[in-house]
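Hi everyone, thanks for coming. Please take a look at the structure on the screen, and then I'll walk you through a few parts of it.

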Amino acid sequence: MSVSVMVVDDHPMWRDGVARDLAERGFEVVATAGDAASAVRIARAVRPDVVLMDLNLGESTGVEATTLITGSLSATRVLVLSASGEHSDVLEAVKAGASGYLVKSASAEELVDAVNRTAAGDAVFTPGLAGLVLGEYRRMAATPDQGDKPQLTERETEVLRLVAKGLTARQIANRLVISHRTVENHVQSTLRKLQLHNRVELARYAIEHGLDVEPEG
């Protein structure tokens, strides 16, 4: 099945061009929008797999639209595609629920790969930005809560640790010599146990509890 995508951008030529490029590469472009209010309304109606979201949308912002979309559509993931690489913009987008962040200077091949990986549940960032996000989560986790935590199996903890390091499901499968489907099953089980929604939140949880550091011994 093809991945359904919605493209949100306030520049018609750019928006239509991206939509056309994605359609030519096999994606099902189900809708486009030019402002935040329309983006939220249309996304709720068409329920795409991925919303490709610009941040600068005139009166409102892509961050606000991302918050509303991810808050009401649990199966829809938002991938930000922005001209800005400012750290504050990246962090705001991720905190709003975006699964990834790509700058508009990315190549068509990088965009196609990012959309596919986002649809698969991976956290996707322009090189250099993943470290920024994980570093911010470390800073926020100065005093991790060591209270009652859901019990994860040894394998779930192992997978979670590799998710926090930014590995894709296929990379984790290769590292642990298990199938890609088994990795996905562990990820989904861990998400349910921790009551989280995506791999970005999963990585944050892992870092807050020190699971991104390899155990000694």
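So, in what order do the six strands of the open sheet run? The order is 2-1-3-6-7-8, and the pairing is parallel. Before going on, a word on the source: this is a predicted model, where local features need pLDDT of at least 70 and side-chain atom pairs count only at pLDDT 80 or more, while totals for chains, interfaces and linings use all residues. Residues are numbered from 1 along each chain as its sequence is written, and side-chain values use heavy atoms, with hydrogens and water left out.

Back to the sheet. Strands here are DSSP runs of E with at least two residues, helices are runs of H or I with at least four, and both are numbered from the N terminus. Two strands pair if DSSP finds at least two bridges between them. At the edges sit strand 2 (28-33) and strand 8 (124-125), each pairing on one side only. Strand 8 pairs with strand 7 (residues 100-103) in the parallel sense over two bridges, and Tyr101 has Phe125 in strand 8 as its bridge partner.

Helix 5 (residues 108-119) packs on this sheet and touches strand 1 (4-8), strand 3, strand 6, strand 7 and strand 8; contact means heavy atoms within 4.5 Å. The direction of helix 5 makes about 160° with that of strand 6. Angles run from 0 to 180 degrees between N-to-C directions, and axes are lines fitted to C-alpha atoms, for helices over the stretch in contact.

Now, is Asp54 buried or exposed? Asp54 is buried, with a relative accessible area of 4%; buried means under 20%, exposed over 50%, and partly exposed in between, with a 1.4 Å probe and protein chains only. You'll find Asp54 in the loop between strand 3 and strand 4 (56-57). Leaving aside residues up to four places away in sequence, Asp54 touches several residues, including Asp9, Asp10 and Lys104.

Last stop: two helices. Helix 7 (residues 154-164) packs against helix 8 (residues 169-176) at an angle of about 130°, with axes 10 Å apart. The two are therefore oblique to each other, a label for angles that are not under 35 degrees (roughly parallel), over 145 (roughly antiparallel) or 65 to 115 (roughly perpendicular). On the helix 7 side, Arg155, Glu158, Val159, Leu162 and Val163 meet Ile172, Arg175 and Leu176 in helix 8.
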